[in-house]
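Here's a set of exercises to work through with a viewer open. Try each task before reading its solution.

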Amino acid sequence: QVQLVESGGGLVQPGGSLRLSCAASGSIVSINTMGWYRQAPGKERELVATLTAGGSTKSADSVKGRFTISRDNGKRTAYLQMDSLKPEDTAVYYCYAIVSYYSGGSLNLNKNYWGQGTQVTVSS
């Protein structure tokens with residue numbers, strides 16, 4: 001009913017930049033929170049950055065000053081601008097959203113959704 005589609009991942013050299021996008025689709029009423037988690041091989045999934053509809057942000061200490069999260073509420077899309085990338089940023093990045101939406105005439109409130117993941121590889 002709700003889909004999160006990610007794009008923008010790829011291979012980049014250390015010090016380079018990438019921008020991830022996450023577009024939400026469906027009979028969406030509102031998106032409370034939108035952002036990214038990441039999971040490196042052999043590691044647990046961890047928070048990267050999130051942004052609420054009201055403009056409140058959270059981010060991991062390891063990415064502060066390098067990554068910037070933003071969202072276009074009209075397009076129902078979130079962006080993660082990643083600068084000064086390091087090899088330790090290599091991971092699968094998963095879009096995450098808390099979504100309220102209509103299904104079969106009923107309102108579903110504040111449901112958690114995940115994207116399929118996009119690979120980011122930082123290597124020389």
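The exercises below go from the whole chain down to single residues, and the model they use is predicted.

**Exercise 1. Work out what secondary structure the chain holds and how its overall dimensions look.**

Solution. Start by counting elements: the chain has 11 strands and zero helices. Reading along the sequence, you get β-β-β-β-β-β-β-β-β-β-β. Next, take the radius of gyration, which is 15 Å; the globule rule gives 14 Å for 124 residues, so the chain is as compact as a globular protein of that length. Now look along the principal axes: the C-alpha atoms fill a box of roughly 50 × 25 × 25 Å. For burial, 40% of the 124 residues are buried. Finally, check the contacts with a separation of 6 or more: 57% of these are between residues 24 or more positions apart.

**Exercise 2. Find any disulfide, give its handedness and say where its two cysteines sit.**

Solution. A search of the whole structure turns up one disulfide. The bond joins Cys22 to Cys95, with an S to S distance of 1.9 Å. For the handedness, take the torsion about the S-S bond: the value is about -85°, so this disulfide is left-handed. Now place the ends: Cys22 lies in strand β3 and Cys95 in strand β9, 73 residues apart, so the pair links distant parts of the chain. Are the two cysteines buried or exposed? Cys22 has 0% relative accessibility and counts as buried. Cys95 is buried as well, with a relative accessible area of 0%.

**Exercise 3. Describe the largest nonpolar core and the surroundings of one of its members.**

Solution. As background, nonpolar side chains in soluble globular proteins tend to be buried together. In this model, the largest nonpolar core has 31 residues, and Met34, Trp36, Leu80, Met82 and Tyr93 touch the most other members. The elements giving two or more residues to this core are β3, β4 (28-39), β5 (46-52), β7, β8 (77-82), β9 (91-103) and β11 (118-122). Of these, β9 gives the largest share, six residues.

Now zoom in on Met82. Leaving out residues up to four places away in sequence, Met82 touches Gly16, Ser17, Leu18, Leu20, Arg66, Phe67, Tyr93 and Val120. One of these, Tyr93, is itself among the residues that touch the most other core members.

**Exercise 4. Locate Val12 and list what it touches.**

Solution. Val12 sits in strand β2 (residues 10-12). Its relative accessibility is 12%; the cut-off for buried is under 20%, and Val12 counts as buried. Skipping residues up to four places away in sequence, Val12 touches Ser17, Leu18, Leu85, Thr121, Val122 and Ser123. For a distance check, go from Val12 to Val48: they are 36 residues apart in sequence and 18 Å apart in space, C-alpha to C-alpha.

**Exercise 5. Examine the backbone at Ser84 and Asn110: what is phi, and where does each residue sit?**

Solution. Take Ser84: phi is positive, about 50°, although this residue is not a glycine. Ser84 lies in the loop between β8 and β9, and at 41% relative accessibility it counts as partly exposed.

Now Asn110: phi is positive here too, about 50°, and again the residue is not a glycine. Its place is in strand β10 (residues 106-114). With a relative accessible area of 45%, Asn110 is partly exposed.

Terms used:
Residues are numbered from 1 along each chain as its sequence is written. This is a predicted model: local features need pLDDT of at least 70, side-chain atom pairs count only at pLDDT 80 or more; totals for chains, interfaces and linings use all residues. Side-chain values use heavy atoms; hydrogens and water are left out. A nonpolar core is a set of buried Ala, Val, Leu, Ile, Met, Phe, Trp, Tyr and Cys residues joined through side-chain atoms within 4.5 Å. Buried means under 20% relative accessible area, exposed over 50%, partly exposed in between (1.4 Å probe, protein chains only). Helices (H or I, at least four residues) and strands (E, at least two) are DSSP runs, numbered from the N terminus. Contact means heavy atoms within 4.5 Å. A disulfide is a pair of cysteine sulfur atoms within 2.5 Å. The radius of gyration is taken over C-alpha atoms; the globule rule is 2.2 Å times the number of residues to the power 0.38.
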